[in-house]
Amino acid sequence: MKAWCAPDHDPIVLVEGQGAILWDRHGREYIDGNSSIWTNIHGHNHPAINAAIKSQLDKVAHVSFLGSTNVPAIELAEKLAGRFPPRTLTRTFYSDDGSTAVEVAVKMALQYWQLRGRPEKTRFLAFENAYHGDTTGASSLGGLGTFTSRFAAIHFPVERAANLEAISSRDPDRLAAVVIEPLVQGAAGIRLWPPGMLASLRAWCDAHDVLLIFDEVLTAFGRTGRLFACEHENVLPDLLCLAKGLTGGYLPLAATLTTESIYDAFLGEYHELKTFFYGHSYCGNPLGCAAALANLEIFEEENTLETLKEKIVFLRDLLGGLRTLANVGEIRQCGLIVGIEIQRDSGKPFPWQEEVGARVCAAARKYGLLTRPILDTIILMPPLCTTRPQLERATEAIQRAIQEVCERHHQ
Ligand code: PLP
């Protein structure tokens, strides 16, 4: 905050967007290199999403989801359910953002086991370096000290595992659920899980009566090359958390999808109090749901996932060029999600206090790319609509920025 408020700091005030491009108040143009904090899917100012929101706005902007419902929310729940086989992820619970999607999953899993007569199942297992959001429940699951350690006193206890092998030795009897970011841990700096991880995890959870929660807040809606990351391993969770890209990156809306079997556990007479007492004021917001419906339709109309295949390969080739730089270490790519590690000439990391990653991103802005680092990992995660020339410009900007900052940097 101190740096932000410094007299010579000129904050980036973004005023307009079109496709993968953003403009600031000085008319400077940038490629939106992190999809506006991992939310945007089909680009800014997309005519179909704009029209869907405007049309809904002329009807009603918001109505209560407690005791009533609305047309876009009904249609969206049907559309989402239609993406999965019968009796799998066919039920949708709406909330507001990624963190609340996770809170819903956690509370639902806990209550589910009570309703099924297994009240001892109260524990959750999450992975080292995981990130599931900043609300207190979601950050209890988090494994990145920066976001969690100060708040440890108010977090619920979580079992922590580094990998699949570490899970196998755990006592599953008191476990309610295992939570994972499928394929890639985003906030950890784009860390990829080994192939087969999801399938093995599913098998372990099934064998031990433990629910499986996939946090696809980052990975869903095409970013990994498929609509949902779990499709890569043909594995379904018991609870699926969606947010960020659900509305194409337009409005805050989240959905926690679950199975008929979990849904059924909550059915009962009023006096049995099986009700899931959870709700936010803006659950099922009609504007958000209208945007989300348009977002899903665009995938079909623009054949997004098909076009994406080539772009992912094209980007892989471009990243190959960066690999030759002395100051580039590992490059991790999962679809259009990329983490580029920068390092000293010697291959050793820069001290984090020197903020080299942040300086590379600041330099990249001069070359027309807007993104943020995670420590010294440069994130490149542009909207799916980003064109090949724009991908070229984005990687060129990163290359020039790395050269400018690292070569001048005292090694
Ligand atoms: N889960 C994952 C995997 C995320 O990457 C994030 C945010 O980056 C969240 C949850 C939290 O989402 P939100 O910031 O919308 O609360």
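Q: Which residues form one aromatic cluster together with Phe93?
A: In this predicted model, one aromatic cluster includes Phe93 among its members.

Q: How are the rings of Phe266 and Phe276 arranged, stacked, tilted or edge-to-face?
A: A pair of aromatic rings is described by the distance of the centres and the angle of the planes. For Phe266 and Phe276 the centres lie 5.7 Å apart and the planes stand at 80° to each other. Planes over 60 degrees apart are counted as edge-to-face, so the pair of Phe266 and Phe276 is edge-to-face.

Q: How many residues apart in sequence are the parts that the pair of Phe266 and Phe276 ties together?
A: Phe266 lies in the loop between helix H10 (260-265) and helix H11 (286-301), and Phe276 also lies in the loop between H10 and H11. Phe266 is buried, with a relative accessible area of 15%, and Phe276 is buried as well, at 13%. The parts that this pair ties together are 10 residues apart in sequence.

Q: Why is the pair of Phe124 and Phe156 described as tilted?
A: A search of the whole structure finds 11 aromatic pairs. In the pair of Phe124 and Phe156, the ring centres are 6.0 Å apart and the planes meet at 55°.

Q: Where in the chain does Phe156 lie, and how many residues separate Phe156 from Phe124?
A: Phe124 belongs to strand E5 (residues 123-127), and the pair links distant parts of the chain. Phe124 is buried at 3% relative accessibility, whereas Phe156 is partly exposed at 29%. Phe156 lies in the loop between helix H7 (145-148) and strand E6 (159-161), and the separation from Phe124 is 32 residues.

Q: Which residue of E7 is the bridge partner of Phe124?
A: Strand E7 (residues 175-180) is mostly covered, with 6 of its 6 residues buried. E5 and E7 run parallel and are joined by 3 bridges. The bridge partner of Phe124 in E7 is Ala177.

Q: Which residue of E10 stands opposite Ala177?
A: E7 is also joined to strand E10 (residues 211-215), through 4 bridges, and these two strands run parallel. The residue of E10 that stands opposite Ala177 is Leu211.

Q: What does Phe314 touch, not counting residues up to four places away in sequence?
A: Phe314 has its place in helix H12 (residues 304-322). Phe314 is buried, with a relative accessible area of 17%. Not counting residues up to four places away in sequence, the residues touched by Phe314 are Arg388, Leu391 and Glu392.

Q: Is Leu218 buried or exposed?
A: Leu218 is found in the loop between E10 and strand E11 (239-242). Leaving aside neighbours within four places in sequence, the contacts of Leu218 include Trp38, Ile337 and Met381. The relative accessibility of Leu218 is 8%, and because buried means under 20%, Leu218 counts as buried.

Q: Which charged residue sits over the ring of Trp113?
A: Arg91 lies over the face of Tyr263, at 3.7 Å from the ring centre. For Trp113, a charged end sits over the ring at 4.9 Å from its centre, and the residue that carries this charged end is Lys121.

Notes: Residues numbered from 1 in each chain as written. Predicted model: local features only at pLDDT ≥ 70, side-chain atom pairs only at ≥ 80, totals over all residues. Heavy atoms only, no water. Phe/Tyr/Trp six-rings, centres within 6.5 Å; stacked < 30°, edge-to-face > 60°. Buried < 20%, exposed > 50% of the residue type's maximum accessible area, 1.4 Å probe, protein only. Lys NZ or Arg CZ within 6 Å of the ring centre and 35° of its normal. Pairing = 2+ DSSP bridges. Contact = heavy atoms within 4.5 Å.
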